[in-house]
Amino acid sequence: MTMIQALRSAMDLMLERDSRVIVFGEDVGYFGGVFRVTEGLQAKHGRTRVFDAPISEGGIVGSAIGMAAYGLRPVVEIQFADYFYPAYDQIVSEAARLRHRSAGDFTAPITIRMPCGGGIYGGQTHSQSPEVLFTHVCGLRTVMPSNPYDAKGLLISAIECEDPVIFLEPKRLYNGPFDGHHDRPLVPWSKHPRGEVPEGYYTVPLESAAVQRIGSDLTVLAYGTMVYVAEAAAAETGIDAEIVDLRSLWPLDLDTIVESVKKTGRCVVVHEATRTSGFGAELTALVQEHCFFHLEAPIERVTGWDTPYPHAQEWAYFPGPGRVGAAMRRAMEA
């Protein structure tokens, strides 16, 4: 399956298994979503289970919170992650706080899907990676899969979770893994082992990282598209990097991170979002705190720049294998 097909399979399966699950958002019904992730679901499950919403992100999330408080399990789509800002108050002040402020009487088991990231020439309003704005908020879970197998298993886990889950989908990975070389032909998921996705029910734990590549020279902490950029950088530099795909950004699988960094003694953190106050800063602090006496070199960070995502300079902003490979070399030479 492609990641699009895997996500659709997860929602299709959960709509069948649980009558409380509903899917709605802008254009997700008849049209099947701007990326066709929900294509065919309305025709199969009906217009009361899969339906279109007005262009009002605050209204979509606010309605979902009310539905969830009274027993439903909404899965809503924000058409691009860049458009979630009008709904941020609903997410932070209502969804994230409902369980705590009601002393457990109410919960908000909603899943908010958002295509995110660059690499598709979307410019500054269709390319953002806002994950850190959610990981900072107590009461939210934040997830970003890097492949179809994880995408389906994590989405099922998110729908079944009693807490609100921010489910970020790197749109550059929808149809195949992307290593940052934009001038090369697309590799489809059908030629990648993580494109093998079971038709039936399975889950991937929300709080688990995965070692994508075993290595001994250094550890790369990455998620989403940057997992494949890190793989390309390791291959091109010849550095035996251990690549940890975080998958769940919060709660974080700290044990897997610490075990890897203590083994290799070096660490490179990679993400596409802007550098200042990005999630990489939190990862760097955690590695410093838990692995200080095992580190052989300063921790390196490779990120986007502190500027709006530029349309004309897409590949200067995007952290490609050249920049990641240079950070790997610096870590090895220190």
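I began with Asp-150, which counts as buried because its relative accessibility is 1% (buried means under 20% relative accessible area, exposed over 50%, partly exposed in between, with a 1.4 Å probe and protein chains only).

A note on what I am looking at: this is a predicted model, where local features need pLDDT of at least 70 and side-chain atom pairs count only at pLDDT 80 or more, while totals for chains, interfaces and linings use all residues. Residues are numbered from 1 along each chain as its sequence is written, and side-chain values use heavy atoms, with hydrogens and water left out.

Next I looked up the partner of Asp-150. Its side chain meets that of Arg-247 in a salt bridge, 3.2 Å from N to O (a side-chain nitrogen of Lys or Arg within 4 Å of a carboxyl oxygen of Asp or Glu). The pair links distant parts of the chain, 97 residues apart: Asp-150 is in helix 7, and Arg-247 is in the loop between strand 9 (241–245) and strand 10 (248–250). Helices (H or I, at least four residues) and strands (E, at least two) are DSSP runs, numbered from the N terminus. Arg-247 is buried too, at 9% relative accessibility.

How many salt bridges does the structure hold? I found 17. One of them joins Arg-73 to Glu-162, with the closest N and O atoms 2.4 Å apart. Arg-73 lies in strand 3 and Glu-162 in the loop between helix 7 and strand 6, so the pair ties together parts 89 residues apart in sequence. Arg-73 is buried at 6% relative accessibility, whereas Glu-162 is partly exposed at 35%.

Last, I noted a network of salt bridges linking Arg-99, Arg-141, Asp-163 and Glu-207.
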